Amino acid sequence: MGKRVLCCGTFDYLHPGHISFLQQAGAHGAELYVVVARDENVKRIKERYPDQAEEERKANLEKLDLVDDVRLGYPG
């Protein structure tokens, strides 16, 4: 088994910058795991909710072949 790489973020409106970030991160290991920030945590940190709900953002990332596993972050 190779090295696992972990990326975290909001990933609201998945765009080419996100794809580039994930490709670069994935190049550092054999597996790429992504944690999607919860709506409530985004609100607390950025003082606004993301435009896309957490489940939609997670589903968009799961469609990418370069990501091995996507999970929602801790709710607290």
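Predicted model: local features only at pLDDT ≥ 70, side-chain atom pairs only at ≥ 80, totals over all residues.
Buried means under 20% relative accessible area, exposed over 50%, and partly exposed in between (1.4 Å probe, protein chains only). I took helices (H or I, at least four residues) and strands (E, at least two) as DSSP runs, numbered from the N terminus.

Residues are numbered from 1 along each chain as its sequence is written, and side-chain values use heavy atoms, with hydrogens and water left out.

Contact here means heavy atoms within 4.5 Å. Helix α3 in turn lies across β2 and β3, and runs at about 175° to β3. For such angles, axes are lines fitted to C-alpha atoms, for helices over the stretch in contact, and the angles run from 0 to 180 degrees between N-to-C directions.

I then turned to the sheet. It is open, with 3 strands in the order β1-β2-β3 and parallel pairing. Strands β1 and β3 stand at the edges with a single partner strand each, so one side of each is left without a neighbour in the sheet. From one strand to the next, the twist averages 20°. Two strands pair if DSSP finds at least two bridges between them; I found 6 bridges joining β1 to β2, and 4 between β2 (residues 31–36) and β3. Val35 of β2 is the bridge partner of Cys8, and Val35 also has Arg71 in β3 as its bridge partner.

In β3 (residues 69–72), I recorded Val70 and Leu72 on the covered face, with Asp69 and Arg71 on the uncovered one. In a regular strand the side chains alternate between the two faces of the sheet.

Last, I checked phi. Most residues other than glycine have a negative phi. Tyr13, however, has a positive phi near 50°; Tyr13 lies in the loop between β1 (4–9) and α1 (16–26) and is partly exposed, at 47% relative accessibility. Glu47, which follows α2, also has a positive phi, near 65°. Glu47 is in the loop between α2 and α3 and is exposed, with a relative accessible area of 67%.
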